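Subject: A structure to look through

Dear colleague,

Please find below the structure that I promised to pass on to you. Could you open it beside this message and follow along as you read?

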Amino acid sequence: NGNEAFFRSALATDMLCVSGDMLARADEKPSEWEHRRHRFAAYADAWKRFGFIRMFRTLLVREKVRVQLLAFSDGERRLTNLLHLVEVLHREADSRQQTPAGLLKWLVDRCSADAPGSDEHQLRLESDELAVKIVTVHKSKGLEYPIVFCPFGWEGSKLRTDGQVIFHHPDSTGRVTVDLGSEQLDAHRIMAQHEVLAENLRLLYVAVTRAKKRCYLFWGRIRTAETSAMAYLLHLSETADEADVLRAMQQRFATLDDDDLLADLHQLAQRSKGSIRVEKLPGQFEKKRRSEPVEDKTLECPVFSGKIDRTWKISSFSAMVFRQTQDVDLPDHDVDLSLPAATRSETPEDARRTADPRTIFDFPRGARAGIFFHDLLEHLDFSPAHKSERADRINAKLKQYGYDSGWQKTVRRTVENLLRVRMQADGQEVSLSGVAVKNRINEMEFYFPQKPISPEGLGNIFSLHAGSAVPAELPGHLQNLSFSPTGGYLMGYMDMLFMHENRFYLLDWKTNHLGHRLQDYSMANLADTMFSEQYILQYCLYTVAANRYLRLHRPDYNYSEHFGGVFYVFIRGVDAAAGPAYGIYHNRPDPGLIRSLDEALIE
């Protein structure tokens, strides 16, 4: 709910295990704490959108809750209690469609001293050592348990009569033999059935000898029981025909009723001198009645008569411009939209390669290239002292993304160009090599509650602030967008927000391929691309979010004084020797435009 005290109290719990010292030093690392806040805001949103259990599973993994709890001396107990509580909460939330507030109230009520309890709320064992285990006979071999239940010892040993049998030949070699229908098929079938019976006897022996103190066997006139290992042990006559034991077992079993079976068991119990006891199963078991035939009815699919508010959604720049509705919560890393549709998809690298030495203009295009560079630059330290570490990181990322190692020199040279070039911002020089890790936030995610707005309304705002940074054609271009008027939340990811000499800048990496020459990335060409791809709208939305963030977290912040603008860095067109005239687009949106967008967009 945005309450800072609640947020810090949650972090201080044993489940999340943030120490008092870390809480006290929160103001020293604002970027780290803002990242935590965004994660928890995402959990709250996931709860509302997808339900309690999906949210909690995400939190369990991302916050390393298992590791935190198991570090305690009674960690297993704590973790078991937590997982049990989560299961109970999920059942309540799912069965009653509880809102977060409703589920919290239900939990508070259950925790009160006079709240009625139930069996499902009883504490569970924190370890499986004392729990009931269900294992196969094969899996249990070599193990021991205090008490063993064997409910399925009545499996039959008779084979299907499908015209072939597999058995071990009775000669000295004992080779496996398949009889596909010889004259000795019946005799071989008897041998095969004896082998199955022998195996069932072996498995029964394994099962009953797992018990250290007590073993329960279940027996009765059950289907297939007449040829089972238990029938052989409990009821076969000593004078039975050994040539065909299964036939003898079937004949013997057919002559016995329930009382006869019970009499055989009691005789065995008497001979055991107290080590075997015979008891009937408790309760009465009635045969299932066949259900009455159901008369034919015409079934109809229920018709939904409610209304879905389709104006409320989580939107983004991509959704506004490209009507992308899937994966709206993922960073909108640039796809090379300036290319014809037929060439936007990834193509084999060899098809794009020119003769070495390779240049960055020849680097493969497409979505994978954009994600590769965003991922790489997000994890690099820009300072000159870390140049060797950057080289190692580049090699690792090329391998991770499946690019051949021949691109190492090209990518390293490109990265050093990006870090050394002196970018111009209203008369001030900005070099990324001078931006410390602590002064930047990578992939900064933002959410803000959005007022309903239409393409026409968006275009009108820009038309009121037309100027050098807002091309005259842009308002009409925005009014022709096809997104529906929407409210709800607007979200996005800024590639980087950084501070340099007490001014703040937004930076967005672009891998668009505009040509194979440095001149193709001139200021004029970049301005055309910024207009045609709607990047002007993108950076204005990002500036609104960054401006809100800075106003909240820096009491002395003033847009005109402290915001240095946005840099759109077209990676392929940057050359430190050529300076900022190529590959780098800079603009600082008019304060009045940002104020108008803020008022029109944010609730």
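What follows is a short account of what was found, going from the whole chain to single residues.

This is a predicted model, in which local features need pLDDT of at least 70 and side-chain atom pairs count only at pLDDT 80 or more, while totals for chains, interfaces and linings use all residues. Residues are numbered from 1 along each chain as its sequence is written, and side-chain values use heavy atoms, with hydrogens and water left out.

The protein chain has 23 helices and 12 strands, where helices (H or I, at least four residues) and strands (E, at least two) are DSSP runs numbered from the N terminus. Of its 603 residues, 39% count as buried; buried means under 20% relative accessible area, exposed means over 50%, and partly exposed lies in between, with a 1.4 Å probe and protein chains only. The accessible surface of the chain comes to about 36000 Å², and 52% of that belongs to carbon and sulfur atoms (such areas come from the Shrake-Rupley method with a 1.4 Å probe, and for residues only the protein chains shown count as cover).

Turning to the strands, E2 (residues 165-168) pairs with E3 (residues 176-179) in the antiparallel sense over 4 bridges, and two strands are said to pair if DSSP finds at least two bridges between them. In a regular strand the side chains alternate between the two faces of the sheet. In E2, Val165 and Phe167 make up the covered face, whereas Ile166 and His168 make up the uncovered one. The bridge partner of Ile166 in E3 is Val178, a residue that is partly exposed, with a relative accessible area of 45%. Ile166 and Val178 also belong, together with Val176 and Leu180, to a nonpolar patch on the surface with about 410 Å² of accessible area together. Patches are made of residues with over 30% relative accessible area and no salt bridge, with like charges joined within 9 Å and nonpolar side chains (Val, Leu, Ile, Met, Phe, Trp, Tyr) within 5 Å.

The structure holds 23 salt bridges, each being a side-chain nitrogen of Lys or Arg within 4 Å of a carboxyl oxygen of Asp or Glu. One of them joins Arg189 and Asp186 at 3.3 Å, N to O, and both residues lie in helix H9 (residues 185-208), 3 residues apart, about one turn of the helix. Arg189 counts as buried at 12% relative accessibility, whereas Asp186 is exposed at 55%. Another joins Asp520 and Arg517 at 3.0 Å, N to O; here Asp520 is buried at 14%, and Arg517 is partly exposed at 48%. Salt bridges that share partners also join Asp14, Asp74 and Arg78 into one network, in which the side chains of Asp74 and Arg78 meet at 2.7 Å, N to O.

How many disulfides does the structure hold? It holds 0, a disulfide being a pair of cysteine sulfur atoms within 2.5 Å. For Cys215, the closest cysteine sulfur is in Cys150, and because the two sulfurs are 4.1 Å apart, they are too far from each other for a bond.

Lastly, Asp375 lies in helix H15 (residues 367-378) and is buried, with a relative accessible area of 13%. Leaving aside its neighbours within four places in sequence, Asp375 is in contact with Lys397, Gln400 and Tyr401, where contact means heavy atoms within 4.5 Å.

With kind regards
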